Structures are given as C-alpha cells and as structure tokens.
Amino acid sequence: MNPRRLRAALFQAGLAAAVALVAWYFVSNTAANLESRRIASGFAFLSREAGFEIGETTFVAYGAADTYLRALAVGVLNTFRVAGIGVVAATLLGALLGLARLSPNWLLAKLAAGYVEVIRNIPLLVQLFFWYAIITENLPGPRDALQPFAGVFLSNRGIALPVVASWLPFSLEIPRLEGFNFAGGAVLTPEFAALIAGLVFYTAAFIAEIVRAGVLAVSRGQVDAANALGLTRRAALRYVVLPQALRLVVPPMTSQYLNLTKNSSLAVAIGYPDLVSIANTTMNQTGQAIEGIAIIMAVYLTISLSISALMNWYNRRVAMKGLRR
Amino acid sequence: MNGALAWVRANLFSSVPSALATLAVAWLAFKLVPPFIDWAFLDAVWRATDSQACRQAKGEGACWAFIAEKHRFIFFGTYPYDQHWRPAGVIALLLVLYALSAWRRAWHWWLAIVWAVGLAVIGVLMWGGVPGLPYVENGRWGGLALTLLLATFGLAFAFPLSILLALGRRSQLPVVRAFCVAYIELIRGVPLISLLFMASVMLPLFLPEGMTIDKLLRAQIAMILFAAAYLAEVVRGGLQAVRHEQYEQADALGLGYWQRTGLVILPQALRVAIPPLVNTFIGFLKDTSLVVIIGLFDLLTAVKVALQEPAWTGFGVEAYLFASLVYFVFCYAMSVYSQRLERGLAPDARPVLRTGA
Amino acid sequence: MRKTFTAGLVALVLAGTAHAQSTLDAVKGKGFVQCGVNTGLAGFSQPDSKGVWKGIDVDLCRAIAAAVFGDASKVRYTPLTAQQRFTALQSGEVDLLARNTTWTITRDTSLGLNFVGVNFYDGQGFMVPKKLNVKSAKQLNGATICVQPGTTTELNLADYFRANRMTFKPVVIEKLEEVTNAYFSGRCDVFTTDVSGLVSVRGSRAPKPDEHVILPEVISKEPLGPAVRHGDDRWFDVVKWSLFAMIEAEEMGLTSKTIDQALASKDPGVQRFVGASGDIGKMLALDNRWAFNIVKQVGNYGESFDANLKPLGFERGINALWNQGGLMYAPPIR
C-alpha cells in the first residue's frame, strides 16, 4: 500500500479507536452509576400505568389509568397538532407579509418590514411568555368572560369557540358555562393559544423573508418578458413570478417548517402537554432520564430526517436545472 | 408641496387596492395607537415605592415602576448587591470587545490575543478571589451578564470545533466524513431543549462517582455542541464558495493538506462566511434564553423570578416587553451590522438569507 | 502527539474505575454540606428578606452540619423545583434532599434514593376561593386544578377523581411561585398540594388569605422526609440519626437553652446523648459531641417546629411526640 494511503488508514483507525474509547468510558461510568444508585433501566416502564392526567389530548382519549406509552403517544400527537396548525397559519401569514413587503404601497411595505425586523430579533421564548401573560393575566375569569362575538368567549381559561355539530341540517354547538368551565364547542386552552400565537407570529417573520427573497430572485428578464406580453402586474405575479419563486423557496421553507416543529418543544415552558413536556413528567415519575431523553431525540430526529429526505426527493424532481446548486 | 403630494399619490394611492390598504391601515392606527400610547406612556406608573399604585392603574396604565424597582435584579441576578459594579464592568468590557471585533481594520491575528486577555479579565472580575475582589461562586451569577457570557464563550469555543467539523465533512476519509455527518445531522435534528436536558441530567451520570460538574458548565457544554453543528454548516457554505482553482494553485505550490487549508482556503472561506456567522450569533444569543427551562439564572429567568414576588405578580406584559426590548437592542444592532458587512464584503452577491431558528 | 493523547485517555479511564469516595468523606473534605431545599415554601425552606434560609427542612440541614463539623453554619443551599430535585440528588449536585418530599416505595427503590425518616407527617388537600361556594372535594367535578408536575400530588389527584368518578382539567406548572400565582389570579379553580403547603401558601402568598378555604378532605398520606442516594450507608446513618437526635432531645426535655447544664447531668441516658459517656459519636465517624452540637446550635424538634411552623398557624397534631398523641418516635440512642 502506498504510504499516503497507509497514513490515512492509520489516522482513521486511530480516530475510530479514540471515539470508541471515549464512548466506552462514558457508558461504563453511566452503568456503574446507575447500578450503585439502583436506578432501573430499560424500556419496561412504558407498559406501566402512568397515573397522571393530561390537560388536552388530540384524537385519542387518555386517562390516568393508561400506560406511559400512551401518554407519550398523546404528547407526540399534541406536538403534531401544534406543528400542523402552526405550519399552515405561519405560511399564510408569512406569504402575506412577504408580498406586503414587496408592495408598492409605502405604508404596507414599511409596516411589514418593521414587523419582520422586530419579531426576528426577539427570542421566541420571550414572545411565548408574553402571549401567555396577556391571556392569563389580562383576561377575566370564566364567569365574567368577554364576548366579542356571539358564541365566542374569551377568558383566562382559554378561547371557547362554537363548532359545527352537524352539516345537514346546519347547526352549531355553542359553548356554555357549566359549573366551573365552558362545556361544548371547542376550547383553546391558554397554553395552546399562546403557543400557536407565538410560533405563528415568529415563524411568519422568517417565512416572509424567504418569500421576498424568492420573488426577488426570479430573474428580472422574466418580469420584463411578462410585461412585454401585456400581463398586468397581478397576472404576471400569478402566472410567471410565483410559480418560479415557489420552486426556489421550497428548501428554506422546509427548513423553517422543521424549525417550527422543533420550537414547539418550548411548550414545556408554558405547560402545554407536548412530547417534551410529557417525557419530562415521565422522567420525573420513573427516574429513568436516559430513556426519556432518548425517546425525545429519536422522535424529533425521525421527523427531521424524514422531512429532509422528502425535501431532497422533491428538490431533485422539481428543481430547475440551472438553479440547482 | 407638489413633491410631497406626488409622493403620496405614487406610494399610497397608486391604485384602488393600494388606496384601500392605506385607508385600512390608517383606520387601524387611529383605533389602536392612541389607547396604546395612553397605556404605555400617559397613564403609566413610572415610579412607585410599592405596588399599590400599579395595582390601581392595572388595565389602564403600564407598571414601569416594576422595571424601576427590579432592573438591577434583572441585569445582575443574585450577584451580591454591593458588588454589582463587577458584572456591569464585564458587560461593558464585552461590548467593547464586540465593537472592536466588528471594526474591519482590527481583523488581524492579534485580535485573538486581545480576546484571550479580555476573557481572562472577565473571569477575574466575575469570580474574584484576588485581594480587593471577594470571591463570588458562579451559582450567584445571573441576568444579562450571564446571558452575554453564555453566548460569547459558547461561540468562542464552538467556532474552532465547527471548522474541524466542516473540514471533516468534506474530507475524503470515509470514517472522518461519516462521523462528522452523523454529528451534524444528529444535533441539527433535535431541539435545543433536549440537548440542555441531556447535559443537565445525563452529563453527571457519564462522570465517575465523586466527580461533579457545575450546572453552568453543563449548560455551556450543551450550547457549544449545539452551536458547533450549526456553525459547521455555515463554514461549509463558505468552503464551497472558495473557487476550485485555489485548491489546484495551492497544490501547484507544493502545500500539504493542513498548510493549504490553513493558509489559503480557510481565510477565504471564513471571509465569505462572516455575515451568516453574525446571523448565527444572533440566533445563538436568542437561544440562551432557553436555559430558563433548566433553571439557570439568565436574563429571562431573572425577569420571571422578579415577577414571582407576591407584591409584583400580574405584571407579566410589562416585564416581557422590557425583556424583549433588551434582546431587541442587541440583536437588531448585530442584524444591521451584518447587513452592512454583507454589502461591504461581497456587494454583488445575492443577499444571505437569515434562516435562524 | 497521538501518543500523549492516548496515554491521557488511559489514565482517565483508570481514574474513573478507581474506588468511589463516600459522601461523608466528600462532605468532610469539602468543609460544608450541600443541601437541596425548596425554592421558597414558608415554614419549610424559604429565604427571608435578608437572604437567610429558614424552615424546618433548613434546620435539619443545619443539624447535620452541626453534627459533622460542629458548626451549623457550614451549609450551602440549592433551591430545587419538584422536577429538578431527584436528578439533583442522583447526579451528586446535592448531598441530601431536605425538600418536603413524600416517602413512597417507587422513590425509595427505582429512583435510587433512600429516605432516612419522616420530619413531617402530612396529607394532601384542596384549597378553593370562598366565593365558589364549594363545601367538599366531592363537588369539584369538572374543575380546573393547578398542580405541580413530578409530585405524588399529581398522581393522588388523578386517583381520587377516578375513584369518585369525577373529571377535572389539570393545569400543570412546575414552579411553586408560578403555580400559586396562577391559582390566585384565577387561572384555576382549585390548588392542591400537601395541607402544610396549602396553609403555608395561604398565609404567605395570598393577597387576601381570608378569601380562601381549605376543604376538609385529606385524600392521601404524605410522610415528608429527607432523602440521600442509594449505596451510601455511612452518610445515610449520619443523616438519619441527626433527625432522630432532634426528636429524642425533645423527648428528653433538652432544649438549646438547657443543653449546657445537661453536660453535668447524672442521668445515664442524657450522658450518652451529650457525649459525656460512651462512644456513639465514633460509631457514626463523628465527634462525640455530635448530638450536643445539634441541640445547642439548632434546637430540638419542638423548638424548630415552634419557630418555623407555629407562626403560620400550624398545630402539632400528628406531628407531636408519640407519648403526647402524635407520631414522632425516635429509636433509643444507645
């Protein structure tokens, strides 16, 4: 073997050995520590009864007699609910803001620019606490709830909205005050409302910039050609600029969607029962911190990698040849 | 006069939708701005010895007296009251170091020495233990000083690590490449909060019994590992931007891998990477606020704890507006700097997209 | 360079597998006891306006310092929330946990802790605002209840409502200050924790204490006591017997004021206690004056209770001595 190859092989072997040694050191220490403190390990705790209640669930029912596995599943579904609604709302708001920034109307453009600059430079957690404080401190109790529209109640227990009970005949289920809280209709808890508000307003600012950059990146020649064809500004935007801009913005947009999903883990700070929050409670009740953190990281890693893989596939299929990096 | 009218016509009323938008914005401004000014300035309580005046004004006037009462706590945490000049000095010193690093004329190798000396002075000021400066354990550091320290030390240590990771990711050696890719993708795929939990809960288990690791150090390590992964991607972008010919020309000169990398490739790559680097620092400064979840006493934690005193509960809106203002001042300044830098360094390039978390 | 790196790693590995130091030796080496306490629960562990920690859990920490070092001030306090407390003890961040923690079998076994005893017998209750007109916990169906996560409170609450076929909405907030603020601001209808916590919070944090009532139902047993890590028998003995010394001192009638005269006592039991005869201190690897120092510098159990909990309205109740109708019983010190 030539000396250069040999050196490279030795270096890699050395590096692998060093990493393995360090890993073995940590693992053996951890095993020794767990043993001496007689902390259980393994995932057997997942089939044990959880014993605690969860404030809100998505699609599945949950009670304190259910297992830890089910509790964690509720957490994952809650995370998906926040991420799903957040992504849709943030995209809509962000696209509007991005287009507003490009508007010839000076007021709209400057307002949108101001919004983006302010929101992007304040930490998301501070914004979450701010929204949570507004909802819980400045709204009255359920018995004195505000009613901006008929059937909509704002109180420090959340926002109660009517839902469609049946489509034919069309009837709404209106929330009513029963005993301690509102029953019927859909109730958005303050935690959920604050989380959605914070995530949507924050991510929309970044999406606005992406949309703006995407629209600006469409080459000038395309816009000129559209004008030469006699298209109005709106038609040019709709048929020429936006479709091309959309292809450009997919990678950074996906990255923002991933960020929103990861940022939803901040729910643990305001008490919304997402995956991290429930895993945290589980870690405290069972003492098995390593398994809990492993579950959190595995779930998020799966989400990130699958969305990245999806995006790469889409990119390869759809991206224009000239703009591929 | 004509000029102003023409401007209004062109920018605010150029078309029917535009005119409608202008009117809608004007109406909203008319409805929302005066009550806000009333609440925030005219009816606000600026100074109070206790919270009674604030409670009476609740709903009508903001309680800025809360800030007046608690601002030292928010900036310096539980640092001993009579020694507050020390963290104040540290904050000032950090600002001077930032300003110096921002000045392009100062971009020489001796900047590293200035930083090393500066960080040493900061360590002495915060810990004390020398004659004239009583010892203050790092469990009592807090507030804005701690936020800036976490961010600065985090970035300082993450940066060299990120360069190694970026080089490793582009390496031809499969083991090195695999390791770097795995590290970067793993760290970037999980939320920062899980890394902070891992550091605060699992790191002590990794160490042999009897050896303990300080809570602040645990959080700092987690932030360094986190920042290194994101910075590695930024550096990799810079490495990709270095033209092909540079590698060949360095080879033609007979330079080895490390010489070529250190003397030719990296300086050019880092130059391109500086604007996104500053953007990453902005994101990093915002991310330090997450340590409130593991109980470390940074600026946001100090605000929360200040709110918990029974006399001052219920003024969360004012408190978080103030915290937002402090973060905004730092981040916006850096953002403006980054945009100017970008224009100065690569005026023809496409604007760098800030895709912070 | 690679050679030195590998050599350093091997040395680290060998050091790591070396014999583990016991907590008692580590504490003696450090020169102070690191005590995990509550972030601020009046009567149990709370810093006063000058930053001095006070409470019965704090007194226990000081007693241990007095026993080990002869100086009750050699303690440092780490405020811990309910979520942080067990990992802090497991990880070695604190030497013991004196944080009004309930003794349960799960915690005693799978969490890697050892409970040394009980310094306060308690139960879980509910607090509601008077204006809700609720007279019993059985009327709380559908209520919004504030509770802290990672506590037996959370689990007992779920059990009680299930057993009585009622439902509730939990509002889960970690920090005591935040959860009490949420309750007092009306975010939830009910606050639940140990009755001692309810009394303490109502007395110290309620804007109008008279507007809140503690419901009569006590739905669980909550024996609160200090805990240490598994696998550390010598430290376990020291902490356990420091607690028993305080209780035994009250039973013997020894207070911080009368302990000096007790040095000259002729009663053999008292002589053993203050270390005038026998070698009990040596058995614990402490000074023979260990119990004397505890009572002199901190006081006996009754004095600690009266100084910290009586002003908040607590009665001795089941926390009286066994021969006065309560449950406080210390094994003999001989």
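Let's start with a helix pair. Helix H3 (residues 106-120) of chain A and helix H2 (residues 16-42) of chain B have axes that come within 8 Å and cross at roughly 55°. Axes here are lines fitted to C-alpha atoms, for helices over the stretch in contact, with angles from 0 to 180 degrees between N-to-C directions. Helices are DSSP runs of H or I with at least four residues, strands are E runs of at least two, and both are numbered from the N terminus.

A word on the source. This is a predicted model, where local features need pLDDT of at least 70, side-chain atom pairs count only at pLDDT 80 or more, and totals for chains, interfaces and linings use all residues. Residues are numbered from 1 along each chain as its sequence is written, while chains are lettered from A and ligands numbered from 1 in the order in which they are written.

Back to the pair. Which residues meet in H3(A) and H2(B)? On H3(A), they are A:Leu107, A:Leu108 and A:Leu111; on H2(B), B:Ala21, B:Thr22 and B:Val25. Contact means C-beta atoms, placed from the backbone, within 7 Å. By class, this contact has five nonpolar residues, one polar and no charged. Nonpolar covers Ala, Val, Leu, Ile, Met, Phe, Trp, Tyr, Cys and Pro; charged covers Asp, Glu, Lys and Arg; the others, Gly among them, are polar.

Now the whole A–B interface. It has 55 residues of chain A in contact with 48 residues of chain B. H1(A) gives the most to the chain A side, with 11 residues. That side divides into 36 nonpolar, 14 polar and five charged residues.

Next, B against C. Here 13 residues come from chain B and 14 from chain C. On the chain B side, helix H9 (residues 192-206) gives the most, with three residues. The classes on that side are five nonpolar, six polar and two charged.

On to chain C itself. It has 14 helices and 12 strands. Its radius of gyration is 22 Å, close to the 20 Å that the globule rule gives for 334 residues, so chain C is as compact as a globular protein of that length. The radius is taken over C-alpha atoms, and the rule is 2.2 Å times the number of residues to the power 0.38. Buried residues make up 54% of the chain. Buried means 20 or more other C-beta atoms within 10 Å, exposed means 12 or fewer, and partly exposed is in between, with C-beta atoms placed from the backbone.

One helix there: H3(C), residues 56-69. All 14 of its 14 residues are buried. C:Gly70 follows, with a positive phi near 75°.

Two backbone points. Most residues other than glycine have a negative phi. A:Phe59 has a positive one, about 70°. A:Phe59 sits in the loop between H1 and H2 of chain A, and is exposed, with 9 other C-beta atoms within 10 Å. C:Ala285 also has a positive phi, near 65°. Its place is the loop between helix H12 (280-283) and helix H13 (290-297) of chain C.

Last stop, A:Gly75 in helix H2 (residues 68-101) of chain A. Is A:Gly75 buried or exposed? Buried, with 29 other C-beta atoms within 10 Å. Among the residues A:Gly75 touches are A:Pro273, A:Leu275 and A:Ile278.

Conventions:
Two residues are in contact if their C-beta atoms, placed from the backbone, lie within 7 Å. The expected span of a helix is 1.5 Å times one less than its number of residues. Lists of a residue's contacts leave out its neighbours within four places in sequence.
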